[in-house]
Amino acid sequence: MNEAVNTQSNPGLLKLERPELIRSQAFINGQWIDASGGAKFPVTNPADGLTIGQVADCDASVARAAVDAAATAFESYKKTTGKERAAYLRRWFDLVIQNAEDLAKLMSWEQGKPLAEARAEIAYGAGYIEWFAEEAKRSYGDVIPTPVPGRKILALKEPVGVAAIITPWNFPMAMIARKFAPALAAGCTVVAKPAGETPLSALALIYLAEQAGIPAGILNILTTKRSGDISAAWMADERVRKISFTGSTAVGKILARDAAATMKRMSMELGGDAPFIVFDDCDLDSAVDGLMKAKFRNAGQACIAANRVYVQDGIHGEFVSRIEAKVRALSIGAAAEGVFDIGPLIHAKAAGEMAAYMEDAIARGADVRVGGKVHERGACFFEPTVLVNIRPDMKVSCNEIFGPIVPIMRFSTEEEAVRLANDTPYGLAGYLYTKDSARMWRVASALQTGLVGANEGAISTEVAPFGGVKESGYGREGSKYGLADYENIKYLCVGGLS
């Protein structure tokens, strides 16, 4: 540990077995460094608002130094074999698993999610490192049959170059792993900026990468409250050939516009507005359990969280009653104080946004069945909420809620459900529940989303491609497709062979 932390903000969590996982500096070219002038900003615990510690508030000069290091390291790293890259990633994965409990505690402390959810995220994120350790050895090109005698035609895969990675606060470890692992597997070097709300999880992960022996300059990470200055420096730098961003659609559009000046490759995982369709021929118990999984993970702060729930007329009343009972039973509290189902939102502003959604919905005729207000536990906590009598013009019907509010709407026909589900500029995830296999295939095909959960509410896995369509972005993370966004394809024609 290279910076004192406030353990008063962490009274109930056991102390870390390895306190050196708590880092406060940027990591550039294999060195832990301070920001220019020693600038710092606080990291707070959303459960109580207390400061955990201070981390480096880096400026554009550090961002450029990171690119210098990554560009230099790329010249040698791109020549390594897939087997060598696999070994680096495998050692990193092993260290993450060995330190999983400490990493989970640290995440609960700075992000607020329950400890059980934090443990699950560590396992999920580690899965990407393990997966791409294996994929690094399986990046195949092609030999293409030639139409001209005496030639060989080859399609070769090469790393894109320096990749700039920008990650959000809601899954601070998994998002780093999901981007870093394929970049390293492909032979790219990385510069990265984690969210200012949750930098400690990202820094701890990089510390373990350092311990795994990944050479200097390959991974570079800086923390900042000056995000615009950092992204501007990276966008203007021609040596940065790839941007991978997870965050809001509004910011993604700005980055895409700026990246056009130097024609950088882009992967964008942006906002979601996931429909959750429940047909009257479904397994009702399964549908209820699926919605609880798809909605309340991380207190609803997930881009693929169920956002608009459409329930067919024949089972609407029974479904609402069952969901109401499940939501009433959810426990709310801070990870440091015990075992709870729902933790705080990331800050009081987020809870205020939930209150604004409620005010609008009630004013337009919605009926509150459960919850509906800031919880007595504190300003960042919001009661898990169920709303009925929802109309399409309400804010909860046409915005990414990013909180524990379930708006439930009726529908009559399959055609109506699909029309309502697709009536959004977003297209990340969608869910449907039905026992009719023909209907399942029809609706899954008709949904304008990059991911579909059919009779399943928990769909994230490193073995499947993750990404959206429409204004939810482009590119895919995870699976065998995950390397593609970090690779260029070079056509090689060899003549004179006859």
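In this predicted model, the second largest pocket is lined by 25 residues, and those nearest its centre are E117, A120, K293, R297 and A458. Two elements, α4 (115-135) and α9 (284-296), each give two or more residues to this lining, and α4 gives the most, with five residues.

The largest pocket has a lining of 48 residues, among which P168, W169, T246, G247 and S248 lie nearest the centre. The elements that supply two or more residues to the lining of the largest pocket are the helices α5 (174-186), α7 (227-236), α8 (249-259) and α11 (348-363), together with the strand β10 (240-246). The volumes and the classes of lining residues are set out below.

Turning to the helix pair, the axes of α2 (residues 82-98) and α6 (residues 199-211) come within 8 Å and cross at roughly 130°. Angles from 65 to 115 degrees count as roughly perpendicular and those over 145 as roughly antiparallel, and α2 and α6 are therefore oblique to each other. The crossing of α2 and α6 is right-handed, and the contact is made by W92, L95 and V96 on the side of α2 and by L205, L208, A209 and Q211 on the side of α6. By class, the residues of this contact between α2 and α6 comprise six nonpolar and one polar, with no charged residue.

How values were computed
Residues numbered from 1 in each chain as written. Predicted model: local features only at pLDDT ≥ 70, side-chain atom pairs only at ≥ 80, totals over all residues. Heavy atoms only, no water. Axes fitted to C-alpha atoms, helices over the stretch in contact; angles between N-to-C directions. Helix = DSSP H or I, 4+ residues; strand = E, 2+ residues; numbered from the N terminus. Parallel < 35°, antiparallel > 145°, perpendicular 65-115°, else oblique. Left-handed = near helix turned anticlockwise from the far one by under 90°. Contact = heavy atoms within 4.5 Å. Nonpolar A, V, L, I, M, F, W, Y, C, P; charged D, E, K, R; others polar. 1 Å grid on protein atoms, 1.4 Å probe; cavity = no way out; pocket = protein on both sides within 12 Å on 5 of 7 lines; lining within 4 Å.
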